[in-house]
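Reader: I am new to reading sheets in a model. Can you take me through one?

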Amino acid sequence: MAALSVFASSILSKVTTFAVEYALDDIKLACTVRSEMEKLRNSLKAICAVLKDAERKQSTSSSLKYWLENLKDVVYDIDDVLDDVGTRALQQKVRKGEIRTYFAQLCIFPFELGRKIRRVRERLNEISALKRNFDLKEEPIDTPSDRIVQRETYSIVDERKIVGRDKAKNDIVKVISEAAESNSDTLSVLPLIGMGGVGKTALAKLVFNDKRTKEKFDKMLWACVANVSDLKQIVDIIIQSDSGESNKQLTLEALQKKLHELLGDKRYLLVLDDISHDNINDWEELMNLLPSGRSGSMILITTRLSKIASVLKTIEPYEVPKLSHEECMKVFLRYAFKGEKAKDTELLKIGESIVQKCDGLPLAVRTLGSLLSMEDISKWQEVKETNIPNTDILSVLKLSYDALPSDLRACFASLSTFPKDYEIFRELLIMYWMAMGLLNTASGSKEAIRMGERYFSEFAGRSLFQDYVFSHDGTISHCKMHSFVHDLAISVSPNEHATISCENFSASKRVKHLVWDQKEFSKDLKFPKQLRRARKARTFASRHNYGTVSKSFLEDLLATFTRLRILVFSEVEFEELPSSIGNLKHLRYLDLQWNMKIKYLPNSLCKLVNLQTLQLAWCKELEELPRDVKRLVSLRLVPAQC
C-alpha cells in the first residue's frame with residue numbers, strides 16, 4: 001500500500017542486507033547468488049533515483065502511470081523472491097536446530113536462488129529501460145520532495161454562517177482576556193486541537209474577530225502555516241499578514257528585525273492556523289525567535305497534532321468539540337435550502353438520517369448540504385442509503401494524510417482493510433503492520449514493535465483515531481476511526497484495495513488487499529473463481545461477517561492466495577482448518593478469533609516459520625494447539641484482552 005518510491009526503497013534496503021550477509025559469510029558456492037544480488041541492487045538503485053519525480057508526474061501522463069504500475073508489479077515479485085529465500089533458510093534452521101545466522105544456510109540452494117533473482121532482475125531491467133521515454137529527474141530517494149498544494153486560510157468570518165460555537169467562543173475569549181490582563185512578560189500560547197473538518201479554523205476566526213478580543217490587543221495578525229516547514233518562510237508569512245508584501249528575498253536575520261519592529265513594543269495576538277508540520281524543534285525555534293511584545297501578548301494555534309500542542313502550550317489546549325445533532329441540522333438546512341425555510345417534511349426526514357452520518361463534523365454537514373441543495377428527493381434518498389459522496393470532505397481530511405512521512409502513509413493506507421466503526425486494538429495493529437512489512441525489522445522484532453508504538457502515537461496525535469479506551473496503566477488499549485478517516489484510507493490506495501463478495505468480485509490482478517464483505521456465510525457458498533485474478537494478494541480479511549464457512553471454500557481460498565501475509569477469518573465458524581494452511585509460507589498474521597466450532601488446528605500450521613501473530617481469542621471449543629507448535633519460531637504472544 002506504500003507509494004512505490006517508499007516500497008522500492010525498502011526492498012533496496014532488503015537486497016543490500018542480503019548482499020552484506022553473503023559477504024560476511026563468505027559462501028564460496030554462492031558466488032552466482034552474490035553476483036545476482038549485486039546486479040539486482042544496482043538496478044533497483046538506479047530506478048529508485050527517479051521514482052519521486054515519476055510519481056509527481058504520473059497524473060499528467062497515462063503512459064507514465066502505466067509504467068509505474070508495471071514497475072510496482074515487478075518490485076512486489078522481487079519482495080516475494082527475497083521472502084522465499086528467507087523462508088527456505090529459516091525452515092532449514094528449524095529442521096536442523098542450528099543457531100547460526102540463517103543466511104548461512106543459503107548455500108543449500110544457491111543455484112535455484114540465483115535463477116530466481118536473475119529472472120526478476122531481467123524483468124526489472126526491461127521495464128527500467130523505458131524510463132528514458134519520460135525525461136525523469138534523478139534525486140535522492142530519501143529526500144522529501146513531494147510538492148504539496150498549500151492550503152490558505154483567512155481571518156474574515158461571517159458569524160451568521162457559523163452555528164453552535166457560542167459557548168466555545170466565549171470560553172476561549174475569556175481565557176485570552178485573562179491572559180492579556182495578567183501582565184505576564186511570558187508570551188502565552190493557547191492551542192486549539194481537533195481532527196480535520198471539526199471546525200478549528202472557523203472557531204479561531206470567531207475568537208479573532210470578537211470585539212472583546214480586539215479590545216485587548218494593539219496588533220492582531222493571522223498567519224496560515226499549513227504545510228510550511230521552513231522557518232524563514234513562516235516568519236515572512238507572519239510579516240506579510242500585516243504589510244501585504246513579501247520579504248522572501250531577505251535573510252532570516254533581516255526578517256527577525258522586521259518582526260521585532262512590527263511587534264516588539266505592542267501587545268499582540270498572533271494566530272498560527274493549521275500547523276501540520278510535525279518537527280517540534282522548528283516550532284520551538286520560531287517561539288524563541290518571536291518577540292515577547294508588551295505584557296499579555298498571545299499566540300493562538302490550530303492543529304491536529306497533539307504533540308505540537310503539548311510542547312508549545314503555556315495554557316492548557318482547548319479540544320474543539322463536535323457539533324450536536326441539532327446544531328448540525330441547522331447547518332445542513334441552511335446550505336441545503338439556501339437559507340429558506342424547509343417545507344418538504346419528507347426531505348426533512350431524509351435529511352435527519354443524512355446528518356446522522358456526519359457524526360458532528362461541520363465540514364461534512366456543510367459539504368452535503370451544498371451538494372443536495374439543487375437535487376430532487378431521489379438524490380437525497382440515494383445519499384441516505386449509500387456511502388456519503390465525500391470528495392470535498394476527503395480533500396480537506398487528506399491534508400492529514402499528506403502531512404505524514406512516507407512510511408506512515410503506508411501504515412495509514414493499511415487501515416482501509418478494517419471495517420468502519422471497528423475496534424482497533426493497538427498491539428494487534430502493530431503486529432498487523434509488522435506482518436505487512438511496514439515496520440523496519442532489520443534491528444529485530446523488538447525494535448519493530450517500538451517503531452509501531454511510535455507510529456500509533458503519531459496517528460493518535462494527529463487526530464486520526466477517536467473513541468479511545470485506556471488500559472489500567474494509562475496506555476491506549478483500543479480505539480476507532482471516524483468513518484471519513486476510513487474513507488480517506490480507502491481513497492489513497494484505490495488500485496491495491498478491493499472489497500469483494502460472491503456478488504461483487506471485481507478484483508484486478510494488481511489488487512494486494514482483499515476485504516470480504518459477504519455478511520452471511522453458508523456451507524453452500526462457493527469460492528468465486530473470478531478471484532483467482534487477484535492471486536498475488538497479500539491480505540485477505542473477513543471481519544464482521546457471520547455464519548459457517550465450508551471446507552471447500554477454505555481450501556479454494558488457500559490454494560488461490562499462496563502469497564498471503566495476513567489472513568483474517570474472525571467471527572465466522574468452521575470445524576476444521578484445512579491442512580493446506582501449511583502451504584502459505586509467507587503468512588505472518590492469522591486471526592481466527594470468535595470461532596465457536598473449531599476444536600483442532602492442523603499440525604501443518606507449524607510449517608509456517610514466519611507466523612508472528614496467531615489470534616485465537618474466544619475460540620471456546622479449541623481443545624489444544626498443534627503437536628509441533630514449538631516450530632513456530634517467529635510467533636509472539638498476544639495479550640488476552642485483544
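Author: We will look at a sheet, its pairing and a helix packed on it. This is a predicted model, where local features need pLDDT of at least 70, side-chain atom pairs count only at pLDDT 80 or more, and totals for chains, interfaces and linings use all residues. Residues are numbered from 1 along each chain as its sequence is written, and side-chain values use heavy atoms, with hydrogens and water left out.

Reader: What holds the strands of a sheet together?

Author: Strands pair through backbone hydrogen bonds, either parallel or antiparallel. Here, six strands form an open sheet in the order β9-β10-β12-β14-β15-β16, with parallel pairing. Strands are DSSP runs of E, at least two residues, and helices are runs of H or I, at least four, numbered from the N terminus. Two strands pair if DSSP finds at least two bridges between them.

Reader: Which are the edge strands?

Author: β9 (497-500) and β16 (613-615); each pairs on one side only. The twist from one strand to the next averages 10°.

Reader: How many bridges join β10 to β12?

Author: Four, and the two strands run parallel. Val515 has Ala541 as its bridge partner in β12. Four bridges also join β9 to β10, where Thr499 stands opposite Val515.

Reader: Are the residues on the faces of β10 buried or exposed?

Author: Buried means under 20% relative accessible area (1.4 Å probe, protein chains only). His513 and Val515 on one side are buried, as are Leu514 and Trp516 on the other.

Reader: Which strands does helix α21 touch?

Author: Contact means heavy atoms within 4.5 Å. Helix α21 (residues 551-560) touches β10, β12 and β14.

Note on methods. Axes fitted to C-alpha atoms, helices over the stretch in contact; angles between N-to-C directions. Buried < 20%, exposed > 50% of the residue type's maximum accessible area, 1.4 Å probe, protein only.
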